[in-house]
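Here is a briefing on how the parts of this model meet. Look at the structure first, then read on.

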Amino acid sequence: MTALNDYRPIVGPAALRMIRNLAADLKGTRFLTINSTRTGGGVAEILERLVPLLCELGIEAEWEVIEGTSDFFRFTKNIHNALQGREEELTEADIEEYEKVQRINASRFDFNRDLVLIHDPQPAGLIAQVPKRCPWIWRCHIDLSRPQRNAWRFLEPYVELYDASVFTLPSFAKKLTHPQYLITPTIDPLSAKNRELSKKEIDSVYEDLRIPRDMPVLLQVSRFDSFKDPLGVIDAFEMVRRYTHCCLVLAGGTATDDPEGATVYQQVRERAGGLQDVYIRELEPEADLQVNALQRGADIIIQKSLREGFGLTVTEGLWKGKPVIGGAVGGILAQIYDSFNGYVVHSTEGLAYWIRFLLSRPELRRRMGENGKKLVQQNFLITQHLRNYLMLMHAVTDRWNSTRA
Amino acid sequence: MNTNKTESGSSPGDARKPPAPEGAFALKECSILVMPTGRSAVNLRELHQGILEVDEEVIEHHLFRCHLKPSYERSIFPNDFAIWCARALGDFALAEKLATFDPYVPDSITDIRQVLADTIDDHLCAREPHVPWAKEGFSFFFERSVILILDSGVWARTPSELAKLFYEVDVSSIYYHFFDARRRHSDGRDDFSRWLDETHEDGNLRRRIAGLDFHLLSLEEVRGELIEILSRGTAAP
């Protein structure tokens with residue numbers, strides 16, 4: 001188990017001391033956080049690390065996961081898509097199922113806490129099922145900048161019951177009656193997904209996955225999700241291949257709360273069928289070491305999202321010292337600065353252009369890689385997240401106490 | 001939320017000093033949590049209007065506390081307004097004007113707001129009827145922040161000791177003592193200069209600190225300059 005002191009060589013002693021100072025007044029706080037999956041996806045990855053670190057700091061932190069039916073997760077996936085702007089139909093039966101799952105889960109957890117933090121729409125409705133005895137915070141990881149109206153109308157009454165909301169970017173914030181805060185997700189530099197690897201470890205993963213190393217590797221790691229536009233990435237690769245020899249790796253896992261993944265995966269396989277040097281690899285949720293090795297062995301990291309909450313795969317790619325080309329959406333814009341550590345693109349042609357541009361400039365790729373790693377080290381590591389969570393706890397509990405004084 | 005916290009927790013593994021003795025410089029650190037206001041601007045006209053209408057704390061955040069926010073561009077321009085004009089509008093002429101503006105000169109946020117608004121208004125007038133628009137996805141979002149100030153538990157008795165300790169505290173300490181202090185104290189001076197005044201007779205150090213063109217430096221750069229000045233002490237030119 002990673003301890004806070006293990007981060008000392010990476011972030012320095014001052015950052016850790018400050019975290020401990022911030023936590024001092026919060027010792028003994030009974031903190032409950034709930035999301036919808038224990039494995040797969042950025043939220044689970046963050047909680048897996050943050051919760052033990054909060055416990056080490058003396059906060060009685062517990063992480064719970066809601067359970068739901070396949071109908072429930074299909075509906076919440078639709079809600080997720082609709083909140084990111086896609087047209088989805090929300091039926092009365094779906095809404096009833098959502099409320100039923102909230103009722104069942106509400107009876108599973110002990111809400112006798114000092115602070116409750118709920119992630120995303122799946123468990124958002126729990127707040128309507130239990131008497132509120134402490135501040136509740138809703139943490140939204142989704143790009144809410146252009147939600148489908150019906151989806152937000154469904155969710156908003158639940159969100160308004162909370163005492164605060166947390167969004168990733170200011171463009172995702174909504175008009176709400178309670179305070180809103182901004183916290184960006186982060187990566188753990190010591191996790192299997194991000195720790196340093198030897199060349200031997202990297203080569204071994206490429207060999208296991210049967211991906212050649214004798215040509216430049218373009219890599220997109222993400223769930224098989226239409227918002228990640230894997231088909232657009234293949235289109236761009238075809239354009240690049242007319243001029244440059246390279247291979248494309250599309251690697252991704254699935255999450256238990258994402259029933260759409262299998263369909264998109266199938267579409268990607270069909271699109272790539274017959275194309276030379278395209279490697280589609282479905283990874284297990286626990287394949288962190290493989291992801292790490294793939295990223296470290298790649299020449300250019302791609303994240304051609306059409307919507308993106310934050311884009312932790314961008315953060316991961318930057319941390320590995322690689323230039324990243326990403327869609328000009330959501331949190332990608334907060335991480336990639338043109339010509340500094342990569343490029344943001346607005347089209348398939350744009351992706352193809354910047355891939356070709358970078359493939360012919362190895363020195364620029366190296367320099368961009370250095371810049372990107374430094375950016376992540378200063379801003380997007382889990383210790384910064386921990387510091388922000390502690391700040392959030394202070395802000396929300398102080399406000400709760402002062403309004404009741 | 002409390003904006004001041006003078007107690008700090010013990011930290012296992014850290015060699016904590018006892019409370020700072022009288023006359024010592026006790027280093028504080030600070031941390032902010034950013035809050036969206038829900039207001040945004042997609043063009044320069046909307047930015048101008050926003051600057052005139054938002055709460056004072058929003059102006060304060062974008063001009064002063066923005067130093068505590070992550071941004072690669074902070075190394076180029078010193079405030080959020082200048083950064084946005086350059087990155088989103090591609091209007092470097094205005095970005096340069098806004099970057100050059102010294103927010104520590106006006107006495108109040110009211111005055112600062114007026115200078116900013118006038119600068120932008122002049123720029124708009126000179127380009128009428130053209131209004132610069134932000135690239136898609138690059139709207140300006142007005143924000144505010146909450147700040148928490150903490151005792152670091154680190155203190156120094158002499159300037160050279162202080163110089164050695166700057167890397168033991170978070171760089172936010174530089175913001176609190178060097179940037180924010182000028183607005184906290186009626187004489188507009190930073191905490192280090194005031195301390196040197198109270199405890200030492202070394203006018204040379206004070207003059208060199210006062211001569212720092214800090215407004216255009218990042219927190220890390222100011223820290224480096226202060227270490228250089230304080231560690232060389234009276235031997236410095």
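Asp170(B) and Arg387(A) join their side chains in a salt bridge (3.2 Å, N to O). A salt bridge here is a side-chain nitrogen of Lys or Arg within 4 Å of a carboxyl oxygen of Asp or Glu. This is a predicted model: local features need pLDDT of at least 70, side-chain atom pairs count only at pLDDT 80 or more, and totals for chains, interfaces and linings use all residues. Residues are numbered from 1 along each chain as its sequence is written, chains are lettered from A in the order in which they are written, and side-chain values use heavy atoms, without hydrogens and water.

**Chain A with chain B**
- Two salt bridges are counted between chain A and chain B.
- In contact (heavy atoms within 4.5 Å) are 33 residues of chain A and 40 residues of chain B.
- About 3,200 Å² is buried between the two chains, and carbon and sulfur atoms give 59% of that. Buried area is the accessible area (1.4 Å probe) that two parts lose on being put together, summed over both.
- Arg17(A), Asn21(A) and Met391(A) lose the most area in chain A, together 20% of what that side buries.

**Inside chain B**
- Chain B has domain 1 (33–143) and domain 2 (156–237), with bounds from an automatic or database domain assignment.
- Their centres, taken over C-alpha atoms, are 28 Å apart.
- The contact draws 13 residues from domain 1 and ten residues from domain 2.
- One salt bridge is found across this interface. Glu60(B) and Arg183(B) meet in a salt bridge (3.1 Å, N to O).
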